[in-house]
Amino acid sequence: MEAKQQAPSDQGNRTGAYRRVEHKGRIFFLSSYQYRIFSRLNDAGPCSTLDLSHALGIADPRSTIRELRHMGIVVGDAWHKTPDGKRYKRYFLRKEV
(Lines give C-alpha, C1' and ligand atoms only; values in the text may rest on other atoms or scores of the structure.)
Protein backbone atom coordinates (compact mmCIF):
# COMPACT_ATOMS: atom_id res chain seq x y z
CA MET A 1 0.00 0.00 0.00
CA GLU A 2 1.07 3.51 -0.71
CA ALA A 3 1.62 5.91 2.14
CA LYS A 4 -0.76 8.87 2.19
CA GLN A 5 0.73 12.33 2.16
CA GLN A 6 -0.25 14.70 4.91
CA ALA A 7 -2.16 17.81 3.88
CA PRO A 8 -0.45 21.15 4.52
CA SER A 9 -1.46 22.85 7.75
CA ASP A 10 -3.29 26.17 7.96
CA GLN A 11 -1.01 29.13 8.37
CA GLY A 12 -3.38 31.78 9.66
CA ASN A 13 -5.00 34.49 7.56
CA ARG A 14 -2.60 34.13 4.64
CA THR A 15 -4.07 30.88 3.34
CA GLY A 16 -7.29 30.27 1.47
CA ALA A 17 -9.34 32.97 -0.16
CA TYR A 18 -7.82 35.96 1.64
CA ARG A 19 -6.76 38.99 -0.34
CA ARG A 20 -3.89 41.27 0.56
CA VAL A 21 -4.92 44.93 0.73
CA GLU A 22 -2.76 47.93 1.58
CA HIS A 23 -4.72 50.79 3.15
CA LYS A 24 -3.14 53.87 4.73
CA GLY A 25 0.27 52.24 4.88
CA ARG A 26 -0.96 49.07 6.62
CA ILE A 27 -1.44 45.62 5.13
CA PHE A 28 -4.68 43.71 5.75
CA PHE A 29 -5.75 40.22 4.70
CA LEU A 30 -9.47 40.29 3.87
CA SER A 31 -11.93 37.48 3.22
CA SER A 32 -14.09 37.66 0.11
CA TYR A 33 -17.02 39.43 1.85
CA GLN A 34 -14.68 41.84 3.60
CA TYR A 35 -12.87 42.58 0.35
CA ARG A 36 -16.09 43.16 -1.59
CA ILE A 37 -17.44 45.62 0.99
CA PHE A 38 -14.06 47.34 1.37
CA SER A 39 -13.64 47.84 -2.37
CA ARG A 40 -17.25 49.03 -2.78
CA LEU A 41 -16.84 51.63 -0.03
CA ASN A 42 -13.47 52.64 -1.46
CA ASP A 43 -14.78 53.05 -5.03
CA ALA A 44 -18.39 54.18 -4.66
CA GLY A 45 -18.15 56.34 -1.54
CA PRO A 46 -20.89 56.45 1.11
CA CYS A 47 -23.32 53.51 0.88
CA SER A 48 -26.25 52.40 2.99
CA THR A 49 -26.75 48.78 4.00
CA LEU A 50 -29.50 48.55 1.38
CA ASP A 51 -27.11 49.81 -1.32
CA LEU A 52 -24.48 47.28 -0.30
CA SER A 53 -27.02 44.44 -0.12
CA HIS A 54 -28.35 45.10 -3.61
CA ALA A 55 -24.97 45.73 -5.23
CA LEU A 56 -23.06 42.85 -3.64
CA GLY A 57 -25.75 40.28 -2.88
CA ILE A 58 -24.91 40.24 0.84
CA ALA A 59 -27.91 39.86 3.14
CA ASP A 60 -26.64 41.99 6.05
CA PRO A 61 -23.29 43.78 5.58
CA ARG A 62 -23.25 45.35 9.07
CA SER A 63 -21.42 42.43 10.69
CA THR A 64 -18.74 42.53 8.00
CA ILE A 65 -18.35 46.29 8.54
CA ARG A 66 -17.91 45.56 12.25
CA GLU A 67 -15.19 43.01 11.42
CA LEU A 68 -13.38 45.57 9.25
CA ARG A 69 -13.47 48.05 12.14
CA HIS A 70 -12.04 45.45 14.54
CA MET A 71 -9.19 44.84 12.09
CA GLY A 72 -8.25 48.52 12.21
CA ILE A 73 -9.86 49.83 9.01
CA VAL A 74 -11.62 53.09 9.88
CA VAL A 75 -15.16 52.85 8.54
CA GLY A 76 -17.18 55.95 9.33
CA ASP A 77 -20.94 56.31 9.36
CA ALA A 78 -23.42 59.16 9.24
CA TRP A 79 -27.16 59.27 9.83
CA HIS A 80 -29.39 60.57 7.00
CA LYS A 81 -33.12 61.27 6.83
CA THR A 82 -35.54 60.56 4.03
CA PRO A 83 -38.13 63.21 3.13
CA ASP A 84 -40.78 61.28 5.08
CA GLY A 85 -38.63 61.33 8.27
CA LYS A 86 -37.14 57.82 8.28
CA ARG A 87 -33.48 57.52 9.28
CA TYR A 88 -30.72 55.33 7.90
CA LYS A 89 -26.92 55.12 8.08
CA ARG A 90 -24.47 55.57 5.24
CA TYR A 91 -21.04 53.96 5.66
CA PHE A 92 -17.78 55.25 4.15
CA LEU A 93 -14.02 54.81 4.46
CA ARG A 94 -12.42 57.69 6.30
CA LYS A 95 -9.66 59.41 4.37
CA GLU A 96 -7.98 61.11 7.35
CA VAL A 97 -6.05 59.27 10.04
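Me: Leaving aside its neighbours within four places in sequence, which residues is Leu30 in contact with?

Reply: Contact here is about heavy atoms within 4.5 Å. This is a predicted model, and in it Leu30 touches Ala17, Tyr18, Arg19, Val21, Tyr35, Phe38, Leu68, Met71 and Ile73, once neighbours within four places in sequence are set aside.

Me: What is the largest nonpolar core made of, and which residues have the most contacts inside it?

Reply: A nonpolar core is a set of buried residues joined through side-chain atoms within 4.5 Å. The largest one here has 16 residues, and Leu30 is among those with the most contacts inside it, along with Ile37, Leu41, Ile73 and Val75. H1 gives the most, with three residues.

Me: How do I read the way H1 and H2 pack?

Reply: Two packed helices are described by the angle between their axes and the distance between the axes. In this model, helix H1 (residues 32–44) packs against helix H2 (residues 49–56) at an angle of about 115 degrees, and their axes are 11 Å apart. The crossing of H1 past H2 is right-handed.

Me: Which residues meet there?

Reply: From H1 come Arg36, Ile37, Arg40 and Leu41, and from H2 come Leu52, Ala55 and Leu56. Sorted by class, that contact has five nonpolar residues, two charged ones and no polar ones. You've already run into Ile37 and Leu41, by the way: they're also among the residues with the most contacts inside the largest nonpolar core.

Me: Now for a single residue. Is His23 buried or exposed?

Reply: Compare its relative accessible area with the cut-off: buried means under 20%. His23 counts as buried because its relative accessible area is 13%. You'll find His23 in strand E1 (residues 19–23). Beyond its neighbours within four places in sequence, His23 is in contact with Phe28, Phe38, Ile73 and Leu93.

Me: Let's zoom out. How many helices and strands does the protein have, and in what order do the elements run?

Reply: There are three helices and five strands. Starting at the N terminus, the order is β-β-α-β-α-α-β-β.

Key
Residues numbered from 1 in each chain as written. Predicted model: local features only at pLDDT ≥ 70, side-chain atom pairs only at ≥ 80, totals over all residues. Heavy atoms only, no water. Axes fitted to C-alpha atoms, helices over the stretch in contact; angles between N-to-C directions. Helix = DSSP H or I, 4+ residues; strand = E, 2+ residues; numbered from the N terminus. Left-handed = near helix turned anticlockwise from the far one by under 90°. Nonpolar A, V, L, I, M, F, W, Y, C, P; charged D, E, K, R; others polar. Buried < 20%, exposed > 50% of the residue type's maximum accessible area, 1.4 Å probe, protein only.
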